[in-house]
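Dear colleague,

I am passing on the structure we spoke about, together with a summary of what I found in it.

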Amino acid sequence: MIIPEKLPIMGLPGTCLFPGGKMPLYIFESKYRDMLNDVISGNRMFCIGTLSQSDASIEGGSEILPYSTAGLLRACVMNNDGTANLILEGVKKIKIINIENNKPYKVGEVQTLETTINDFEKIQSSTDQLKAILIANYSDRIDPNIEMQLNQILKNLESPEDTLYFAAQHFISHQEISQKLLSLESLDEQFDLIIKMLDGK
């Protein structure tokens, strides 16, 4: 999938979308209604800009952190009052390298980020280790709206990368760790970081 060089940004505090993650969003602000209209008439893509929790929670006074994920609009229901409910699916890691303010909403100049694997056998072992940690320690914290049991969800994940980003989407809440995971090029290093965070040892 081709990621455009510029993406609209929806700034949210303490929120991060990872590749493969699905995020429900409620659009009610005027500027984001404008953004949604442009997104629907365009390539149906935008990104979540994580607002720094060290700044004010209001976007106008907050820093947008650089690492994010290009999101594809998978579903959208327009309400009679002009608001909208939608589902955004993460498709590709990106870095926001410049922000434009010439529209009601912010637009980011972005570059896509690739992921490398240095040691495939280690990645396979890390995948198994991460799944075991989630089943042992986090099975009661999964989103209650997900009908399948955690172990079945993990079994259905097709790749190590899918497993890592599933864990990051649902079990990592620290914005610094989310930013670090998105910034790391090596999948090996991403696994080392998330296992260290979730294993608690």
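A residue is called exposed here if its relative accessible area is over 50%, and buried if that value is under 20%. Please bear in mind throughout that this is a predicted model. With that cut-off, I2 counts as exposed, because its relative accessible area is 76%. I2 lies in the segment before β1, and although 41 residues separate I2 from N43 in sequence, their C-alpha atoms are 9.9 Å apart in space.

Turning to the chain as a whole, the protein chain contains six helices and six strands, and read from the N terminus these elements follow the order β-β-α-β-β-β-β-α-α-α-α-α. Of the 201 residues in the protein chain, 47% are buried. Among the contacts with a separation of 6 or more, 67% are between residues 24 or more positions apart.

Next, the strands. Strand β5, which covers residues 84-100, pairs with β6 in the antiparallel sense over six bridges, and the two form a hairpin with five residues between them. Within this pairing, I96 stands opposite V110 of β6. Strand β6, residues 106-112, is also joined to strand β1, residues 6-13, by four bridges, and these two strands run antiparallel as well. Here P8 has V107 as its bridge partner in β6.

Which residues have the most contacts inside the largest nonpolar core? They are L130, L134, L181, I194 and L198, in a core of 29 residues. The elements that give two or more residues to this core are α2 (120-137), α3 (150-156), α4 (160-171), α5 (175-183) and α6 (187-199). There is also a second, separate core of 18 residues, and M10, L17, M23 and V107 are among its members. As general background, nonpolar side chains tend to be buried together in soluble globular proteins.

On the α4 side the contact is made by P160, E161, L164, Y165, A167, A168 and F171, and on the α6 side by L187, Q190, F191, I194 and L198.

The axes of α2 and α4 come within 9 Å, with a crossing angle of roughly 35 degrees, and this crossing is left-handed too. From α2 the contact involves I123, Q124, T127, L130, K131 and L134, while α4 contributes P160, T163, L164, A167 and F171.

Finally, where do the buried residues of α5 pack? The buried residues in that helix are Q175, I177, S178, Q179, L181 and L182, and they pack against β3 (45-51), β4 (67-78), β5, α4 and α6. One of them, L181, is also listed among the residues with the most contacts inside the largest nonpolar core.

With best wishes

Conventions
Residues are numbered from 1 along each chain as its sequence is written. This is a predicted model: local features need pLDDT of at least 70, side-chain atom pairs count only at pLDDT 80 or more; totals for chains, interfaces and linings use all residues. Side-chain values use heavy atoms; hydrogens and water are left out. Two strands pair if DSSP finds at least two bridges between them. A nonpolar core is a set of buried Ala, Val, Leu, Ile, Met, Phe, Trp, Tyr and Cys residues joined through side-chain atoms within 4.5 Å. Buried means under 20% relative accessible area, exposed over 50%, partly exposed in between (1.4 Å probe, protein chains only). Contact means heavy atoms within 4.5 Å. Axes are lines fitted to C-alpha atoms, for helices over the stretch in contact, and angles run from 0 to 180 degrees between N-to-C directions. A crossing is left-handed if the near helix is turned anticlockwise from the far one by less than a right angle, and right-handed if clockwise.
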